[in-house]
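Subject: Structure for your review

Hello,

Here is the structure I said I would pass on.

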Amino acid sequence: MNKKETKKRLLIFLIFSFALVWIPTILYIAFGGQYADEDGILLPAINYILMCSMLCPTIAMVLTRKITKEGFAITGKGSMLLGMDFKNKKWIWFLVALLLPVAYRESGYALWFAFSPQCFDTSLFAKSNLPIYAAAFVPILCIVSSIIGSFGGLGEEAGWRGYMMPKLEELFGIRRAVIIGGVIWGVWHYPALYLGHNFGTDYWGAPWLGFLCFTIITIALNAMLTLVTKKTDSIWPAAFLHAVNNAGASSLGVLCNFALAKGIFAQTTVFSTITFIPALILGIIAMVLLERDARHTTIES
Amino acid sequence: MVGLMYKDFVAIGGKYLVCAMTAFLVIMTACSFLFTNPTTALVLALIALTFVSILIIWPIVITEARILGHDAKKKQNFTYSLPTGKKKFVAAKYLFFLIMEYGILSYTILLMQLAQINAQAVGTEDLSSKMTAVSSFLPLFIGIYLLNFALETPFFLVLGYKTGTSVKTVLLVAAMFALVVFMLFGDASVLNQFDLYEFTQYLKDHPVVAILLEAVAPVVSGGLYYLSYRVTAYLVQRREMRDE
């Protein structure tokens, strides 16, 4: 495909994706909007912005395809990757997509408890009037509800992994595409992070350290999401992985009381970084697998 | 197969449905920003609930007539003779209905979330929590419709629309007749043992059971749906072309 045309399409997509989210969020910040009230409950306006933001990458993709006359193919090269194919062991990658977030979340929280054991607190879970062993069902509940409510994940993945990543790969090769794509995805979240999304506002180095931590996380997640997309030629596994990740599917997670953390471990950025170390490792593995597949494809062609 | 699904999309008036859903969402969003008082929030929530109810019932209304209804034998014989084959024809029906239900569920969740955020914005926390409660029931309805489709589709696709409708009517009438006979001559006191309030209390006292139901029910529905597809595809492939 013509690289100049690809660059043009990518640029249009990025302009739409960022404009649709950055403009309302920055306006909200400019007019003094807050993230949460005194009790920590998200304010309705930011709730609304976050809800709509999930769909903006897909809207941007549709607009870009319409303007640049790229077409709306469901499957195949240059398509929206909306097909679902379970043959040739692709079903394994659907399962991987569902279980991977559970694996890295559980191991992330286990690692966190090694650093900050006092955060392991069953009393928080006991307030929900559920027996302690019910925590074991949280991952399966999150997976099922994430599949049912995966339109949010689909709203992002149709844009990022379904449209942006193939174009970045064509322009820069897979390794740089994953890093650049992860950075773009992370930067896209910056206005929400500035307001307090994920890390709050009361941490050392806010908001810049939060920006940095989040970008590292998005690069690692981008590698995993891109891998499952390329293995299945479909954005559905990525949508499921994204949804399960956002649901925080972890039994240990519901037994974690972050308020009991002390010293440097009371920093939200430190908490996020430590709990995401397993995800970072998996992201590196995903990157290696992507590069290996790219080399095999090059040799075959 | 995509072509077959697009045919069903057109048959159910999909374009008009999508336009209506998009327009309703835009109007609801605009009203949420323009009118910010508890009364409006309540009115918007009720309108959203009405629209959600229509969308929930829509699949039942159009499924038989439009998706499964190949009234003329000639039409079905023609479809079976297409290059896609019988198995893909059956797969297209099941897949289309699944996608339609997924789309309706996603849209209704989005609508309920919007109503919930709007209610929260004007300070009606009670209404907000009710919207959240309604959202939690939506997957249950979808699961029931999937099961309904899984049960009736084999009849319609294997036996044909008219015969399938006749069989379904006979079964329903027989069930109603049996119920009437039971109510007239049977021991109706058995029904006293089924208390919805007690069942709700049981779920409240045993929340793990509720969690398991919530987690396992969709998986079971999905499994039965797939099983229904395999059975239907097998039976349809074995059928000879029907006589004209």
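Please keep in mind that the model is predicted.

Chain A as a whole

Chain A has 13 helices and zero strands. Its 301 residues would give a radius of gyration near 19 Å as a compact globule, and the value of 20 Å for chain A agrees with that. Along the principal axes, the C-alpha atoms fill a box of roughly 60 × 50 × 30 Å. Among contacts in chain A with a separation of 6 or more, 79% join residues 24 or more positions apart.

Two helices of chain A, α10 (208-232) and α13 (277-300), each supply at least two lining residues. The largest share, six residues, comes from α13(A). The lining includes E169(A), K230(A), K231(A), D293(A) and H296(A). By class, five lining residues are charged, two are polar and two are nonpolar.

G164(B)

G164(B) sits in helix α7 of chain B, which spans residues 161-185. Its relative accessibility is 0%, so G164(B) counts as buried, the cut-off being under 20%. Leaving out residues up to four places away in sequence, G164(B) touches F155(B), F156(B) and L159(B). The C-alpha atoms of G164(B) and P154(B) are 8.5 Å apart, and the two residues are ten positions apart along the chain.

Regards

Notes: Residues are numbered from 1 along each chain as its sequence is written. Chains are lettered from A and ligands numbered from 1 in the order in which they are written. This is a predicted model: local features need pLDDT of at least 70, side-chain atom pairs count only at pLDDT 80 or more; totals for chains, interfaces and linings use all residues. Side-chain values use heavy atoms; hydrogens and water are left out. On a 1 Å grid over the protein atoms alone, a cavity is a set of points where a 1.4 Å probe fits but cannot get out, and a pocket is an open set with protein on both sides within 12 Å along at least five of seven lines; lining residues have an atom within 4 Å of a point. Helices (H or I, at least four residues) and strands (E, at least two) are DSSP runs, numbered from the N terminus. Ala, Val, Leu, Ile, Met, Phe, Trp, Tyr, Cys and Pro count as nonpolar, Asp, Glu, Lys and Arg as charged, and the others, Gly among them, as polar. Buried means under 20% relative accessible area, exposed over 50%, partly exposed in between (1.4 Å probe, protein chains only). Contact means heavy atoms within 4.5 Å. The radius of gyration is taken over C-alpha atoms; the globule rule is 2.2 Å times the number of residues to the power 0.38.
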